[in-house]
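This report describes selected side-chain contacts and charged groups of one protein model. The sequence and the structure are shown first, and the discussion follows.

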Amino acid sequence: MKFRCERDTLVDALTTASRAVTSRGATTTSLNGIRVEVAGNRLSVVGTDLDLTVRVEGEAIGLDDGVLVAPARLAADIVRALEPGAVTVEGGEDEVEISAARSRFVVRTYPVEDFPVLPEPRDDQVSLPSAVLAEALRQVVRAASGDDARPLLTGVLVAAEGEGTRFVATDSYRLALRDVAGTGPLPAGTEQILVPARALTELQRLLPGGGKDDTAKEVGFSVGELDATFSVDGVRLTTRLLDGRFPDYRQLIPPGYPNQLRVAKEGLIDALRRVRLLVRDNTTPVRLTMRSGTVELTVVSQEVGHASEDVDAQYEGEELTVAFNPTYLLDGVEAVLGDEVLLETLDATKPATVRSPEHDDYRYLLMPVRVS
């Protein structure tokens with residue numbers, strides 16, 4: 001196999017595909033590698049850990065058709081370190097030579113036959129507006145759990161809801177919900193799927209605002225019995241779906257709230273970041289004392305000291321003090337679109353909701369922290 005490609009183009013392909021390669025102990029050494037194939041002037045780079053597969057396709061100057069499996073991160077690091085310009089890659093059964101200008105690297109490869117045989121990607125069933133999808137994922141994925149001991153909570157529910165689609169994630173301490181009207185991303189006959197948050201985090205990198213320029217106006221989407229595939233700008237990301245029933249989140253959403261705090265978003269974010277400087281562990285809460293015309297933020301750390309700050313706000317309801325995990329609260333406030341945030345509360349022990357005062361297509365439920 002032999003081909004020539006611009007360094008930056010090749011680095012992008014290798015790095016993107018490598019994100020799917022396992023960082024933990026692989027069952028076969030080939031799973032530590034990426035499959036590089038050249039056919040004519042078509043270059044295909046694939047990385048997988050069997051749960052997540054990323055396939056990047058692009059153009060190259062094909063000099064000799066063939067395929068090899070190269071060490072994923074090492075190959076990407078080598079190409080990234082080369083001088084700008086054309087890079088030549090030439091490989092056989094046992095090794096691959098990567099060269100550019102006066103640099104030459106020879107690296108051992110993995111057996112091609114040990115690399116898993118992956119099904120051919122299906123044709124896209126529907127298309128999604130990339131900007132809307134990117135916004136919804138930014139708001140929701142942050143609430144998914146990172147604890148593999150509770151696998152269902154490491155996923156994001158994608159479900160048909162009215163004329164549109166609902167995205168939901170929860171780690172049992174907080175819940176993020178976003179309704180997207182009129183997109184209809186689920187193929188006919190599919191009511192809901194549970195997509196691993198890890199896959200959607202990688203998808204975010206490929207969407208506008210995720211480090212890529214705004215060239216992908218639409219995202220191709222298809223769903224099979226066991227997996228789902230997203231197509232963005234020559235990249236196909238396929239993920240195995242989670243098997244199980246997502247918790248009944250609807251019972252957690254109160255029908256209404258007697259207390260409502262309306263506050264400038266940036267002002268609240270800045271104040272939260274300042275008082276959070278005294279937080280040295282994940283158990284120290286921030287207390288919000290809400291009263292007419294203001295909200296006071298307080299952090300008390302027995303080992304460090306205490307901090308407080310008043311923020312102008314509009315408040316309707318009885319004077320109330322509620323404590324939250326400051327990082328979780330900040331996540332929810334940052335995800336709200338617009339210049340203002342509405343914090344709705346029942347009392348100091350029931351879930352509160354963070355959302356925009358103008359509309360409720362995004363809601364972020366947060367459990368208070370019990371304090372003495």
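Thr353 is located in strand E24, which spans residues 352-355. This model is predicted, and in it Thr353 has a relative accessible area of 3%. Because buried means under 20% relative accessible area, Thr353 counts as buried. The side chain of Thr353 makes a polar contact of 2.4 Å with the side chain of Tyr257.

**Salt bridges**

Side chains of opposite charge can pair when their charged atoms come close. In this structure, 26 salt bridges are present. Three of them are listed below, with the distance between nitrogen and oxygen.

| Salt bridge | N to O distance |
|---|---|
| Arg7 and Asp8 | 2.9 Å |
| Glu161 and Arg250 | 2.9 Å |
| Arg166 and Asp179 | 2.6 Å |

The partners in the salt bridge of Arg7 with Asp8 fall into separate accessibility classes: Arg7 is buried, at a relative accessible area of 16%, whereas Asp8 is exposed, at 52%.

Glu161 and Arg250 also meet through their side chains in a salt bridge. Glu161 belongs to strand E11 (residues 155-161), while Arg250 sits in the loop between strand E17 (235-240) and strand E18 (259-264), so this pair ties together parts that are 89 residues apart in sequence. Glu161 is partly exposed, with 25% relative accessibility; Arg250 is likewise partly exposed, with a relative accessible area of 45%.

A further salt bridge connects Arg166 with Asp179, and its closest N and O atoms are 2.6 Å apart. Since Arg166 lies in strand E12 (residues 164-170) and Asp179 in strand E13 (residues 174-180), the pair ties together parts that are 13 residues apart in sequence. Arg166 and Asp179 are both buried. Through salt bridges that share partners, Glu161, Arg166, Asp179, Arg250 and Arg363 are joined into one network.

**A negative surface patch**

Which residues form the negative surface patch? The patch consists of Glu93, Asp94, Glu95, Glu113 and Asp114. One of these residues, Glu113, is found in the loop between strand E9 (103-108) and strand E10 (126-129). Is Glu113 buried or exposed? Its relative accessibility is 67%, so Glu113 counts as exposed.

Conventions
Residues are numbered from 1 along each chain as its sequence is written. This is a predicted model: local features need pLDDT of at least 70, side-chain atom pairs count only at pLDDT 80 or more; totals for chains, interfaces and linings use all residues. Side-chain values use heavy atoms; hydrogens and water are left out. Patches are made of residues with over 30% relative accessible area and no salt bridge: like charges are joined within 9 Å, nonpolar side chains (Val, Leu, Ile, Met, Phe, Trp, Tyr) within 5 Å. Accessible areas come from the Shrake-Rupley method with a 1.4 Å probe; for residues, only the protein chains shown count as cover. A salt bridge is a side-chain nitrogen of Lys or Arg within 4 Å of a carboxyl oxygen of Asp or Glu. Lys and Arg count as positive and Asp and Glu as negative; His and the chain ends are not counted. The place of a charge is taken as NZ of Lys, CZ of Arg, CG of Asp or CD of Glu. Helices (H or I, at least four residues) and strands (E, at least two) are DSSP runs, numbered from the N terminus. Buried means under 20% relative accessible area, exposed over 50%, partly exposed in between (1.4 Å probe, protein chains only). A polar contact is a pair of N or O atoms within 3.5 Å; within protein, one must be able to donate a hydrogen and the other to accept it, and residues adjacent in sequence count only if both atoms are side-chain atoms.
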